[in-house]
Amino acid sequence: MPRPLWSGAISFGLVTIPVKLMSATEDRSVRFHQVHTEDLGRVRVRKFCEAEDREVSAAEIGKGYEVSRDTLVAVTDEELEQMPLPTAKAIEIVAFVPAASIDPVRLSGDSYFLQYDGPVAAKPYVLIARALARNTKVAVAKLAWHGRERLVLLRVRDGALVAHVLKWDDEVRDPSELAPKEAKVTDSEIDEALQLVDSMTTDDISGYQDEYRKALEAVLEAKAEGRQPPKPSTEPEEPGGQVVDLMAALQESVRKAQAARGEDAGDAEVHEMPTAKKKTAGKAPAKKTATAKKTAAKKSARRQGGA
């Protein structure tokens, strides 16, 4: 386990549970240095003071808040740590809510494990963990950390408490204007979409891997060994951007999903939607009318000649 990032206590009614906070995830992304392309020299970012026009060290850098365009207020780390907040050294549980009521868009992506701190904390830690595990509720708590108060969700994973940082209400934008207003779908299309959902449902997503990272590592390994990087696949890509029959596309998607699971779904085809005939612009209708008049005049002349 990594080193603890924070230590304090969970406040659960009159129960106090000393805990340590540590990161629950790790970033496995491939990282690059900035280099000068001509000679691969490292490009460094240096910090300069505008007032003295000189480079400053990390020890000389502090925090400043811009009150107005020409006015800055200095704030020290000690002042931030000594703010009178009840959550400064405690994860204060404020409510329990159904897990399904938490909108995933509020999850910030930061997750942490909570480790009990000391033998005295073991029993109350297990108590709250098992209480959460026996129902569908999660705990919502407040935590002051890294210069701000945060809202966190507490749940249980394999007997351990996990904290997920949540966005506050005013940090989530309103998406109501993004949904299409005019598009309509039929009940049959919805039923077919639900069948597609069922055919793609799984209880385990552990098998998925970061294919981009694997491909990038293969490129870097080849270049480090003086070899040519792997070439992209020569298989032709499926044409995109075509307008297709939505129901047929859903049926074909269901067939492919079932075939991937070894189920016999029969054959289905995706048909391209018929395109609307374009109206001829300009004087085309007038020409058509003139042609029709000439044809009618010839027929009339033939009838008169035959009489």
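Modeller: Two strands count as paired if DSSP finds at least two bridges between them. In this predicted model, Trp145 stands opposite Arg148 in E10.

Colleague: What makes E9 and E10 a pair?

Modeller: Seven bridges join E9 to E10, and the two run antiparallel. The criterion is at least two bridges, so E9 and E10 are a pair. They form a hairpin with two residues between them, and His146 in the turn has a positive phi of about 55°.

Colleague: How do you know that E7 and E9 pair, and in which sense?

Modeller: Six bridges link E7 and E9 in the antiparallel sense. With at least two required, they therefore qualify as paired. Val140 in E9 is the bridge partner of Ala95.

Colleague: Why is E9 called largely enclosed by the rest of the structure?

Modeller: A residue is buried under 20% relative accessible area. Seven of the nine residues of E9 are buried, so the strand is largely enclosed.

Colleague: What joins E8 to E11?

Modeller: Five bridges join E8 (residues 107–116) to E11 (residues 160–166), which run antiparallel. Ser111 stands opposite His164 in E11.

Colleague: Which strands close into the barrel, and in what order?

Modeller: Seven strands close into it in the order E1-E2-E8-E11-E10-E9-E7, with mixed pairing. Neighbouring strands of this sheet are turned by 40° against each other on average, direction ignored.

Colleague: What does helix H2 touch?

Modeller: H2 (residues 122–133) packs on the sheet, touching E1, E2, E7, E8, E9, E10 and E11. Contact here means heavy atoms within 4.5 Å. The direction of H2 makes about 80° with that of E2.

How values were computed:
Residues numbered from 1 in each chain as written. Predicted model: local features only at pLDDT ≥ 70, side-chain atom pairs only at ≥ 80, totals over all residues. Heavy atoms only, no water. Helix = DSSP H or I, 4+ residues; strand = E, 2+ residues; numbered from the N terminus. Axes fitted to C-alpha atoms, helices over the stretch in contact; angles between N-to-C directions. Buried < 20%, exposed > 50% of the residue type's maximum accessible area, 1.4 Å probe, protein only.
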